Amino acid sequence: MFQGFVKSPVSVSLSQISGRLYLTWGILWTFPEVQSHFLVTSLILSWSVTEVIRYSFFGTRETFGFEPSWLLWLRYSTFLVLYPIGLLSEVGLIFVAMPSMKTSGKYCLTMPNKWNVSFDYYYASAVLTTLYIPGFPYMFRYMLAKRKKALSAAKTA
């Protein structure tokens, strides 16, 4: 359905969007006690700096038809530092929220109920958090490959 809508593979876009939605709504909005943790600052800074560079890059390219070499370098290099910071902030905030998840019972469905199913947000979050283990190397390698391609193409141009 969305194939061709963005240049990135669907798996990459979907993981980024769902991860950010989960963190903003499922963690920060749902558990206000987490909002004052210092990891929120590093999360917002890493996400914000990344997006400012990204949209400056796209905006410059669309407006002027080219991107300055320094902006190209920033676009494809800052992730080397910002991606691990963002990832550690995300995982850290999930762990900070987990005690509140367990005690509050938010988003949990217990049996018996008319659907005859149960769901525990605490355990679902624990399982989702384990996806960061294979997800980080996959995404990091993807970005390294994009970096190599973009910066080598810039050298030959």
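Modeller: Start with residue classes: Ala, Val, Leu, Ile, Met, Phe, Trp, Tyr, Cys and Pro count as nonpolar, Asp, Glu, Lys and Arg as charged, and the others, Gly among them, as polar. By that rule, the lining of the second largest pocket has 7 nonpolar, no polar and 4 charged residues. The model is predicted: local features need pLDDT of at least 70, side-chain atom pairs need pLDDT 80 or more, and totals for chains, interfaces and linings use all residues. Residues are numbered from 1 along each chain, and side-chain values use heavy atoms, without hydrogens or water.

Colleague: What makes a space a pocket, and how do you know which residues line it?

Modeller: On a 1 Å grid over the protein atoms alone, a pocket is an open set of points with protein on both sides within 12 Å along at least five of seven lines. A lining residue has an atom within 4 Å of a point. The second largest pocket passes, with 11 lining residues. Tyr76, Lys146, Lys149, Ala150 and Ala153 are the closest to its centre. Its volume, the space filled by probe spheres set on the points, is about 290 Å³.

Colleague: Which helix gives the largest share of that lining?

Modeller: H6, with 5 residues. H2 and H3 also supply at least two each. A helix here is a DSSP run (H or I, at least four residues), numbered from the N terminus.

Colleague: What is the volume of the largest pocket, and what lines it?

Modeller: Its volume is about 1600 Å³. It has 47 lining residues, and Val12, Ser13, Gln16, Ile17 and Met139 lie nearest its centre. H1 gives the most, 12 residues. By class, the lining has 26 nonpolar, 13 polar and 8 charged residues.

Colleague: Why is the crossing of H2 and H4 called left-handed?

Modeller: Because the near helix is turned anticlockwise from the far one by less than a right angle. H2 passes H4 that way, so the crossing is left-handed. The two pack at about 140°, with axes 8 Å apart. Axes are lines fitted to C-alpha atoms over the stretch in contact, and angles run from 0 to 180 degrees between N-to-C directions.

Colleague: Which residues make the contact?

Modeller: Contact means heavy atoms within 4.5 Å. Among them are Leu39, Trp47 and Thr50 of H2, and Leu82, Glu90 and Leu93 of H4. The contact residues divide into 8 nonpolar, 6 polar and 1 charged.

Colleague: What makes proline 112 and tyrosine 107 worth a look?

Modeller: Most residues other than glycine have a negative phi, and most peptide bonds are trans. The bond from methionine 111 to proline 112 is cis, with omega near 0°. Tyrosine 107 has a positive phi, near 60°. Proline 112 lies in the loop between H4 and H5, and tyrosine 107 is in the loop between H4 and H5 too.

Key. On a 1 Å grid over the protein atoms alone, a cavity is a set of points where a 1.4 Å probe fits but cannot get out, and a pocket is an open set with protein on both sides within 12 Å along at least five of seven lines; lining residues have an atom within 4 Å of a point.
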